[in-house]
Structure formats: C-alpha cells, structure tokens
Amino acid sequence: MTSDEWQTANVRLPQPDLPRQFANQVTTAELLDHEDALIAHYRRIVETAQQHGKAASLQPFPYFRTEPAIVAGNQVLTEFAWNDDIHETRTVLEILAESGNGPPRLLHDDQDQGWRILIAATDAVTCFIEWDAEGPPPSTGGYAVEAAELARQAGAALARLRIIHARLVQALGRDHWTYHRPPPPAPPANRIRSAIGRLFATNTRPKSG
C-alpha cells in the first residue's frame, strides 16, 4: 500500500477522553473507574472494522494493546516493546510482584524482533537492562529500583489490570485483549508410533565390543 492509498483507506477516530500522563499510553491507575470512555472508544473501533469487513483482523496489536511499563516521574524507563496482550502483561507483573524476596536470581529473559530485556533481582533491588539483541548487553544503560516497593506497585497494578480487563470484556462481549491462537495440530498417530519405535530401538540396541 502506498502512502496515498493508506491515507485514502485510513479512518481516523477521536481519541478517548481520559486523563493521561503520557500522550500514547493510559496507565491502569489513570483508567480505573474511568473505563466508560475507553469502552466507547473500543466500540467505535469494532464498529468501524465491521463496516469495512475487517472485524476478523482485530487483534491486541495495535488497537487493544496492553503492555507493562516501568515509570519514574514523567519518564517511561522500560516499555517492554514487544509485549502486546493481557497474558504477557500479567506474566511480567506477576514476576515483578514477587521480586522482593529471595536470593540473587534472574527473573525474566525475553527477546523478540531484535529487542531483548533481562530483569534480575536480589532481596534489595531489581535490575533492568534492555538492548538491541544483535549485539552483547551494554556495559551501561541499565537501572535498579527498590525491590520491595516495585513488588508492591506491581501487585497493585496487577489487581487494577484484572478489574479493568474484566469490565472491558463484559462490556464488549469478547476478549479483544488476548491473542487466541489455535493449538498446533497433533501429529498423525502413525508418526507418533514410528518416533516411539525409533527411540526405543536406539536406546535398546546392544553395544558393540
């Protein structure tokens, strides 16, 4: 699609009237108990997609995207660039909510499309570093936050997310915030029997000499 074709096909929708600290993101703290404006916005997206025969293509990315974010003051420190849906966000928040206890350990190691993030923790601090995975981790550029406070805030964010997600699903009648991928097809039974037979033969063959 050329730029002109995209401009012709593009349908612009008004942004939801929500309090927000960041232009392109709404935090769960800002959204809780203000979901009506977001519900109306999501309904406009679904209706517009249906009008143009695109309802089947509605996925968490980009219109229903949910992602974790580590915020300090007016700055987003870590954006988890390739996390898109509720499941991925909940997984990260659950990990961080437990980050204040235990010996030094790796909490999270994720990589996608050239981006990589590592999160490690002690009982005192939780450390983050993210970089272009085409090269080694940078020697500088990471940061650390107090583990107990991060765990408290992550637990609170997780609780808010669950409430908001349930309200959105109930209002729209469908979970647009979770990827619904079909399970991989099971291999044919004869292939399974053949694989088991080869494995058994390999491990029971008498040794020579």
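Trainee: Is Trp177 buried or exposed?
Mentor: Trp177 is buried, with a relative accessible area of 2%. Buried means under 20% relative accessible area, exposed over 50%, and partly exposed in between, using a 1.4 Å probe and protein chains only.

Trainee: What sort of model is this?
Mentor: The model is predicted: local features need pLDDT of at least 70 and side-chain atom pairs pLDDT 80 or more, while totals for chains, interfaces and linings use all residues. Residues are numbered from 1 along each chain as its sequence is written, and side-chain values use heavy atoms, leaving out hydrogens and water.

Trainee: How many aromatic pairs are there?
Mentor: The count is 4. Rings of Phe, Tyr and Trp (its six-membered ring) pair if their centres lie within 6.5 Å; planes under 30 degrees apart are stacked, over 60 edge-to-face, the rest tilted. One of the pairs is Tyr42 with Phe64, stacked at 4.9 Å centre to centre and 25 degrees between the planes.

Trainee: Where do Tyr42 and Phe64 lie?
Mentor: Tyr42 is in helix H3 (residues 35-51) and Phe64 in the loop between H3 and strand S1 (70-72), so the pair ties together parts 22 residues apart in sequence. Helices (H or I, at least four residues) and strands (E, at least two) are DSSP runs, numbered from the N terminus.

Trainee: And how do Tyr42 and Trp177 pair?
Mentor: Their ring centres are 5.2 Å apart with planes at 75 degrees, so the pair is edge-to-face. Trp177 sits in the loop between helix H5 (147-172) and helix H6 (189-204), 135 residues from Tyr42. Tyr42, Phe64 and Trp177 form one aromatic cluster.

Trainee: Overall, how many helices and strands?
Mentor: The protein has 6 helices and 6 strands.
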